[in-house]
Amino acid sequence: MPGLRGRMLEQAIQADDLPAARSAALRLWQGGNRRLDAQLVLVVDAMRRSDWKGARDYLNGRSDKVDSSAIAKLIVPAFHSWIDVGAREKAPERHLLASAGKGRPEPALALEAALVEAAANRPADAATLAAETVPTDRMSQLVALRLAATLAAAGDAAAADALRGRIALAAGGREDPMLLLPEQPVSTARGGMAHWLALLGDSFARVPGGNVKLSLLFGRAAWWLDDRDWAVRSALAESLDRNGQQGDAAALLTSGRADIPPVLQMRRAELMADAGDLAGATALAEAAAKATPARSMLVRFADIARRADDREAAARAYAALEATLGDGPDDRALRGTLLIARAELRLQADDWDGASALIEQAVALRPDDAAVLNFAGYSAIERRKNVDQALARIEAAWRAEPQNAAITDSLGWAYFLTGRTADAVPLLEKAQASAPGNAVIVEHLGDAYWQAGRRFQARYTWRAAALVADADMGARLAAKLRDGLTAATTAP
């Protein structure tokens, strides 16, 4: 039965069914199974009802296993502090400040303590604690921004501005998705705990290999505490997406509010593209990108347009990006990248002359950039244009990054196309060993094997490429497996 109830609890959390989650959690709790998700649901439910004593009792009833976990150390002090804010206890921040024992708490926890002070109508104390704390990592800087909004709402604009000026993430253009959300102050215990859980859930969702169940648990708990908070909505959408609930994530960014921020509209567009509505996704992404000046939004719009094979929309995105660039070294580097992206669009339209002009501008801007040199050389040599110069550029790229599988493949293929098969084979073997799932590289190696007279290995390699090939490549590989390598079936 405990296993069944546990599954019922997990399913209720996934389905946004708080009554069912509460029932399953209570049965587990009463049966002595005090697992973290059950505890979290019961504490959140008590906080929703302003039952501060009940929330504290559930929090204090944790097992030794949960108490000693790293996760508990992130959430238990915060819960204690925000419960104390709701119960109007004195010094509610003490739980967070004591979380590190005799040492100083982590910056995120210290700044969360300052946010607790601000929500408890002590903005001066909050400003003092904030001034003593250096926001370092993303989590602490996002807490600092929420604290700045809360200080500003409390009338201390000077302290808010001073804190914002010390946040590296907020310097210059705001590119982090969380920074592009409207700033919202924290004024209640429920809102404060929701914000903290949302940041934890978002962090787990965005880290490769992060704990998806934990991310969804925190995101859902945050949603149940405060569904008006944009950061909560964003974090829950990310968690749902990572949990395979793309439809629920898209619905969260579609329904319930008419004033969805542009960054969440962009996220919805990406989910639409994943679901196959590329035209609708491109239109929504362009509208979202126009609503905010952030470069990251234009990049995301361009990515969706490229997925939709909408070259005109992608070109508009790149033009808008270029219009934001200045003359600094970082902007010059980005300009080179944009020139290559625009050149690739021209190549897709079979406009070599237009692409070549853009490629030369990129090389002039970034003459030592291996990626630029590789693109310039490979684009030319596969079209048999300026072969000597193209080969020299690929060789220069490979000398700069000999471990790069794509560049190694480019050089091996360039040698193959120029008749240097003996030089091509070891390079292509090295590239294939580094990227065995890359169908293009594997096909190149098969062609080189055939040209070198190693027919059995060629056919074996082509069969391996066919396992991961797209439709066009699959047809070409089938012809090679049937007839051998010909001018018509050589990889492009």
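The structure is a predicted model, in which local features need pLDDT of at least 70 and side-chain atom pairs count only at pLDDT 80 or more, while totals for chains, interfaces and linings use all residues. Residues are numbered from 1 along each chain as its sequence is written, and side-chain values use heavy atoms, with hydrogens and water left out.

On a 1 Å grid over the protein atoms alone, a cavity is a set of points where a 1.4 Å probe fits but cannot get out, and lining residues have an atom within 4 Å of a point. Grid points are joined across faces, edges and corners, and a volume is the space filled by probe spheres set on the points. The model contains three cavities of 30 Å³ or more. The largest cavity has a volume of about 220 Å³. It is lined by 17 residues, of which Leu 142, Leu 145, Arg 146, Met 178 and Ala 231 are the closest to its centre. Helices here are DSSP runs (H or I, at least four residues), numbered from the N terminus. At least two lining residues of the largest cavity come from each of helix H10 (138–153), helix H12 (189–206) and helix H14 (230–242); H10 supplies the largest share, four residues. The lining of this largest cavity comprises 11 nonpolar, two polar and four charged residues, where Ala, Val, Leu, Ile, Met, Phe, Trp, Tyr, Cys and Pro count as nonpolar, Asp, Glu, Lys and Arg as charged, and the others, Gly among them, as polar.

H10 also packs against helix H8 (residues 107–119), at an angle of about 15° and with the axes 8 Å apart. Axes are lines fitted to C-alpha atoms, for helices over the stretch in contact, and angles run from 0 to 180 degrees between N-to-C directions. H8 is therefore roughly parallel to H10, a description that applies to angles under 35 degrees. Their crossing is left-handed, meaning that the near helix is turned anticlockwise from the far one by less than a right angle. Contact (heavy atoms within 4.5 Å) involves residues including Leu 111 and Leu 115 in H8, and Val 143, Arg 146 and Leu 147 in H10. By class, the contact of H8 with H10 has 10 nonpolar, two polar and two charged residues.

The second largest cavity has a volume of about 50 Å³. Among its lining residues are Trp 352, Ile 359, Ala 376 and Arg 393. Helix H21 (352–365), helix H22 (370–381) and helix H23 (387–400) each provide at least two lining residues, and H21 gives the most, with four.

Of its 16 lining residues, Ile 340, Glu 344, Ala 371, Phe 375 and Ser 379 are the closest to its centre. Helix H20 (329–348) and H22 are the elements that give two or more residues to this lining.The axes of H20 and H22 come within 11 Å and cross at roughly 15°, which makes H20 roughly parallel to H22. The crossing of H20 and H22 is left-handed. In their contact, Ile 340, Ala 343, Glu 344 and Leu 347 in H20 meet Val 372, Phe 375 and Ser 379 in H22.

Technical notes. On a 1 Å grid over the protein atoms alone, a cavity is a set of points where a 1.4 Å probe fits but cannot get out, and a pocket is an open set with protein on both sides within 12 Å along at least five of seven lines; lining residues have an atom within 4 Å of a point. Angles under 35 degrees count as roughly parallel, over 145 as roughly antiparallel, 65 to 115 as roughly perpendicular and the rest as oblique.
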